[in-house]
Amino acid sequence: MLVIFNKTDDRSVRELLARHGAPRSAVSCRIGARVIAYLPQADAGLAARFKTLRQVERVVTAHGSEFQLTSREASPEDTLVEIGFGNSIGAGDFGLIAGPCAVETREQLASTAEIARAGGATALRGGAYKPRTTPYAFQGLGLPGLRMLAEVSAETGLPVVTEVVDTATVDTVAEYADVLQIGTRNAQNFSLLAAVGQTGRPVLLKRGFGCTVSEWLSAAEYVLAQGNSQVILCERGIRTFEGSTRFTLDLSAIPVVKQLSHLPVIVDPSHGTGHRHLVRPLALAAAAVGADGLLLDIHTDGEQALCDGKQALDAAEWMELTSALSALLGSLGRTLQRPQELAGIGSGL
Ligand code: PEP
Ligand code: MN
C-alpha cells in the first residue's frame, strides 16, 4: 500500500506511521512536493485508517507495478534531480553530462572539461575508480583522481558525476562528487545501492546489461527505500547476440520507463555502442524517443586514452553533435539546457 502525504515533512510522516500502526518495514521518501510511504503487507483496515488522516492526500492499495516508490502511481509528476551548481536533470529540458571515461591527468581532465562546457554540458563525467573486465587494465587513479575532479569542478562550475564501485569507498566518493554513478556491473549490488541511497547524494543508476526494465527499476527502488528520490536512470545497452556493437542500446526502454516511473532517464550512447561513429546517430535517436539527456565520453586524444578511447568523441565531433541536438530538440518543442554560470567563472555561454 502506498500512502501519499501532503504538505508534511519526513519526520512527521515517520511519527504518523508509527502512531497509526504501520508495520516496522514501512519506508518513506520525499518525492517532489510530497512524502510517500510504502507499507508492505498492509490490510484493508490500515488503508481505511490512513485515508481518514488530514495529512494524507491519497492511498493506493493496488497497482500494476512490481516496484513501489519508483512507480508513477507513487508520484505522477516527473521528478527533477538537482545535480549541483544550479543544474538539474529531468522534467522537460535535455541535459548533457560529458567528459572522459577515466580521469587520467589533471591537464587531460581540465582541457576536456572546458570542451564539455563549451558544448553545453551541465555536468562533468569521469571515473576515478574504474570497474574493468580484466585486472590488468587501468583501474583508475583512485583518490588523486577524485581530487582532480573536485578541483576542475570548482574551476569550471560543472558538477561532477563519478562512479563508486564498492561500499568501502562510498563516503570518500561522496565527499568529492556531486552525483554518485552506479555502473552496469554493480546495478544489482543491493548493499551498494542502499549505501549510496543513505548518502542523500543524487545517484546515476546505469541499467545492468543483463537486467530487464523491471529489475532496473527495482534496483532504483533500493535507493528510494532509503529515503533518497534523487535518482537518474541511465540506459547504456544490454547484452544480446549482436556483435557489431559493444552492447545493444535499448532505446525502446526509454518510453517504457517514462510510462512506468517518475524518475528521469538518460542514455549513454558511448558505452552502448562502443564506436565513435555510432555515438551521433544514437544520441539523436535518444533525444527523439524522449530521453531526459545523455551521458557521453569525450576525449582530447582518443587514440591515447587509457580507457574506452574508441567510443570517445573528439572536440569537433562533440561540438557538432551538440548543435545537431539543439536543432532536433527545438523541432520537438524541447530545449537543450545550458550550464548555470558560476560567478566569475566559465566561458560566458
Ligand atoms: C562508465 O560510464 O564509465 C562505465 C563504466 O559505464 P558502464 O557501467 O555502463 O559500463
Ligand atoms: Mn568506459
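The largest pocket holds about 240 Å³ of space. A pocket is defined on a 1 Å grid over the protein atoms alone, as an open set of points where a 1.4 Å probe fits, with protein on both sides within 12 Å along at least five of seven lines. Grid points are joined across faces, edges and corners, and the volume is the space filled by probe spheres set on the points. The model is predicted, so local features need pLDDT of at least 70 and side-chain atom pairs count only at pLDDT 80 or more, whereas totals for chains, interfaces and linings use all residues. Residues are numbered from 1 along each chain as its sequence is written, chains are lettered from A and ligands numbered from 1 in the order in which they are written, and side-chain values use heavy atoms, with hydrogens and water left out.

The lining of the largest pocket comprises 17 residues, and Pro131, Arg185, Arg246, His271 and Asp308 lie nearest its centre; a lining residue has an atom within 4 Å of a point. By class, this lining divides into nine charged, five polar and three nonpolar residues. Here Asp, Glu, Lys and Arg count as charged, Ala, Val, Leu, Ile, Met, Phe, Trp, Tyr, Cys and Pro as nonpolar, and the others, Gly among them, as polar.

An oxygen atom of ligand 1 is 2.7 Å from an N or O atom in the side chain of Arg125. For the side chain of Lys130, the corresponding distance from a ligand oxygen atom to an N or O atom is 2.9 Å. With Thr184, a polar backbone atom is 2.8 Å from an oxygen atom of ligand 1.

Arg125 itself is in strand S8 (residues 123-125); strands are DSSP runs of E with at least two residues, and helices are runs of H or I with at least four, numbered from the N terminus. Arg125 counts as buried because its relative accessibility is 2%. Buried means under 20% relative accessible area, exposed over 50% and partly exposed in between (1.4 Å probe, protein chains only). The Arg125 side chain also reaches the backbone oxygen of Pro100 at 3.1 Å.

Gln311 is located in the loop between strand S14 (293-297) and helix H11 (315-331), and counts as buried because its relative accessibility is 1%.

Asp308 is found in the loop between S14 and H11. Its phi is near 55 degrees, a positive value in a residue other than glycine. Most residues other than glycine have a negative phi. Gln41, in the loop between strand S3 (34-38) and helix H2 (44-51), likewise has a positive phi, of about 50 degrees. Gln41 is exposed because its relative accessible area is 75%.

Notes:
A polar contact is a pair of N or O atoms within 3.5 Å; within protein, one must be able to donate a hydrogen and the other to accept it, and residues adjacent in sequence count only if both atoms are side-chain atoms.
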